Amino acid sequence: MHTARRSVAAPSRQAPPPGVRLYSTLPTVLIGLWTLGMVGLPIGLWTLGPAMLPWMVSLNVLLLAVASVFLLVQQGGGSALRTIGTVLAGSWLIEYIGSTTGLPFGAYRYTALLQPQLGDVPLLIPLAWLMMLPAAWTIGALLAPHSRLAHGIISAAAMTAWDLFLDPQMVAWGAWGWESPGGYFGIPWLNFAGWFLSAALLTWLARPPALPILPLLWVYTLTWALQSIGLALFWNMIGPALAGCAVMGAFVYLAWRRYWKMTADR
């Protein structure tokens, strides 16, 4: 008597639901839109006029800040919400103290260019901290994976390197101004010490969760490339372009070298 054989199909992998796929790919889409926005910024100013500057800057910051939020939440879950809130509230407070007392950056004031504002601090500024600080944390995580102290120091230095581009550019655009211009293309040297201390403090307070290394490393790398090219070719700021390219580029090189070594060792 022969027993009929019943064919059993191998279990198939089900594709994730559309909502899950959208949630996982949204940061990539936002980073792509931010990249297009950065490339299109000079074109927009030439064709639509300087009145579009604050709108385009705000849109670009918002795109990348939201992408960073999604990346943090995807990797860190609920703990990432505390990190995000700490960065937003802490950076606003630091900027409010800085713009009213001159500490720790030096005496400066925001103009009315970027709106809305709270306590004379544009709300875009905390979003800009949230936009870039996770990428700087990624540099620290790659270069100092086993020491919280070293991670904080390297992250703060990587964040400060970005300001070698940012501060001269935003002063030239009229977003803020210094009471006593300093030696770095009009920016006081004290400002960079203030950036380093502020980034280190926010890193220590936020205690960032595990980070999605590759997308945030791309954010840091693209920022370096776009700022280097933009300041040199479109905004006629050769000095800040070269300085930022060298310093921020050193972090890009070291981080990618470490990332490639990690992937090769797996």
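Which residues have the most contacts inside the largest nonpolar core? They are Trp129, Met132, Leu133, Met159, Trp162, Met170 and Tyr220, in a core of 73 residues. A nonpolar core here is a set of buried Ala, Val, Leu, Ile, Met, Phe, Trp, Tyr and Cys residues joined through side-chain atoms within 4.5 Å. This is a predicted model, in which local features need pLDDT of at least 70 and side-chain atom pairs count only at pLDDT 80 or more, while totals for chains, interfaces and linings use all residues. Residues are numbered from 1 along each chain as its sequence is written, and side-chain values use heavy atoms, with hydrogens and water left out.

**Overall architecture**

- The protein has eight helices and four strands, where helices (H or I, at least four residues) and strands (E, at least two) are DSSP runs numbered from the N terminus.
- Along the sequence, these elements follow the pattern α-α-α-β-β-β-α-α-β-α-α-α.
- Taken along the principal axes, the C-alpha atoms fill a box of roughly 100 × 45 × 35 Å.
- Of the 266 residues, 45% count as buried; buried means under 20% relative accessible area, exposed over 50%, and partly exposed in between (1.4 Å probe, protein chains only).
- Among contacts with a separation of 6 or more, 76% join residues 24 or more positions apart, contact meaning heavy atoms within 4.5 Å.

- Methionine 170, one of the core residues with the most contacts, touches Val57, Leu114, Ala175 and Trp176 when its neighbours within four places in sequence are left aside.

**Helices α7 and α8**

- Helix α7 (residues 213-234) and helix α8 (residues 238-265) have axes that come within 9 Å and cross at roughly 160 degrees. Axes are lines fitted to C-alpha atoms, for helices over the stretch in contact, and angles run from 0 to 180 degrees between N-to-C directions.
- The two helices are therefore roughly antiparallel to each other, a term that applies to angles over 145 degrees.
- Residues making the contact include Leu217, Trp218 and Tyr220 of α7, and Met248, Phe251 and Trp256 of α8.
- By class, this contact has 18 nonpolar, five polar and no charged residues. Ala, Val, Leu, Ile, Met, Phe, Trp, Tyr, Cys and Pro count as nonpolar, Asp, Glu, Lys and Arg as charged, and the others, Gly among them, as polar.

**Backbone features**

- Most residues other than glycine have a negative phi, and most peptide bonds are trans.
- The peptide bond from leucine 103 to proline 104 is cis, with omega near 10 degrees; proline 104 is placed in the loop between α3 (78-101) and β1 (108-110).
- A cis peptide bond also leads from glutamine 115 to proline 116, with omega near 0 degrees, and proline 116 belongs to the loop between β1 and β2 (117-118).
- Phenylalanine 185, although not a glycine, has a positive phi of about 50 degrees. This residue sits in the loop between β4 (176-178) and α6 and is partly exposed at 48% relative accessibility.
- Asparagine 236, also not a glycine, has a positive phi of about 55 degrees. Its place is the loop between α7 and α8, and asparagine 236 counts as exposed at 66% relative accessibility.

**An exposed leucine**

- Leucine 197 lies in helix α6 (residues 189-206) and is exposed, with a relative accessible area of 53%.
- From C-alpha to C-alpha, leucine 197 and tryptophan 55 are 30 Å apart in space, and 142 residues separate them in sequence.

Notes:
Parallel < 35°, antiparallel > 145°, perpendicular 65-115°, else oblique.
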